[in-house]
Amino acid sequence: MDSKHLVKKTAWITGSGRGIGQAIALRLAHAGADVVIHGSTMNSSAYFGEGESLAAVARKISDETGVRAMYVTGDLCKPENVQDMVRQIRGEFAHIDILVNNAGGDLSAKGAAGPNAGKIVEGNDALFLPYEDIRAIIDRNLFTCISVCKEVAPEMMERKEGWIVNIGSIGGTYGMQLGAVYGATKAAIHNYSRSLAGMLRPYGICVNVVAPGGTLSPRYKASRSIDEKRLNSYGSLVRYAWPDEIAAAVEFLVSAHSAHITGQILRVDGGEQLWPA
């Protein structure tokens, strides 16, 4: 793969102030793409020490890779915010070539700044989760993905070019007793992505899903107990992933090497799940 195969492309990665999203933005920037960083708030990157602000993250990526990097901020659960961000991006870069819907997560209504880095510990099942948390999980994962695609994809259709990668989860491929609502939203993202891929096939636009397993982002480590046996980095796939390994899968799916791949769910879990996705 040409190391600069994304030159003259613009990539918007939602939820990229920290964690997997930031790793995706950095990897696509190293491949030559101009990138747009997004966070729900200006300081969301600072929650786990991954940057002083969205502006600082954008500057760091630009300085390290030489590409143009801008940032947008706002709650993607509000369609008017999504529309405003898209206008800002098109004002700077004319159009969006690559869209990565990474925003979301297994977060309570209080967000990543809440207890346990936002992870719900008590009552996180199919029946007893508080309504406010149910709504937050559905909105942050599924609604934001649909809303952003709705605002970005039509312009891709006009140009007959574009790549969309939605971040799912291995939690969306089976019934989970804990994290049931989160798993349901990720399963919905998987199926929505398949449906969108079918719709956009005639326009030459690829739509795929990367479904990570446990990945050692700073928030992941802050939100749960870590299995020391799965920290092995070499010689075994029975381990956690690193954020850049998820980013590498995204890069593949927006490259010429995946030109005839669409509507697929690519699990990046070291073989933790071995059944059909």
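Is S193 buried or exposed? S193 is buried, at a relative accessible area of 1% (buried is under 20%, exposed over 50%, partly exposed in between, with a 1.4 Å probe and protein chains only).

A word on the model. This is a predicted model: local features need pLDDT of at least 70, side-chain atom pairs count only at pLDDT 80 or more, and totals for chains, interfaces and linings use all residues. Residues are numbered from 1 along each chain as its sequence is written, and side-chain values use heavy atoms, with hydrogens and water left out.

Back to S193. It sits in helix α5, residues 180-200 (helices are DSSP runs of H or I, at least four residues; strands are runs of E, at least two; both are numbered from the N terminus). Neighbours within four places in sequence aside, S193 contacts N166, V207 and V209 (contact is heavy atoms within 4.5 Å).

Now the sheet. It is open, with seven strands in the order β3-β2-β1-β4-β5-β6-β7 and parallel pairing (a pair needs at least two DSSP bridges). β3 (69-73) and β7 (265-268) are the edge strands. Strand β5 (163-167) pairs with β6 (206-212) over five bridges, in the parallel sense. There, V165 stands opposite N208 in β6. Helix α3 packs on this sheet, touching β1, β2 and β3.

Last, α3 against α4. Their axes come within 10 Å and cross at roughly 40° (axes are lines fitted to C-alpha atoms, for helices over the stretch in contact; angles run from 0 to 180 degrees between N-to-C directions). The two helices are therefore oblique (under 35 degrees is roughly parallel, over 145 roughly antiparallel, 65 to 115 roughly perpendicular, the rest oblique).
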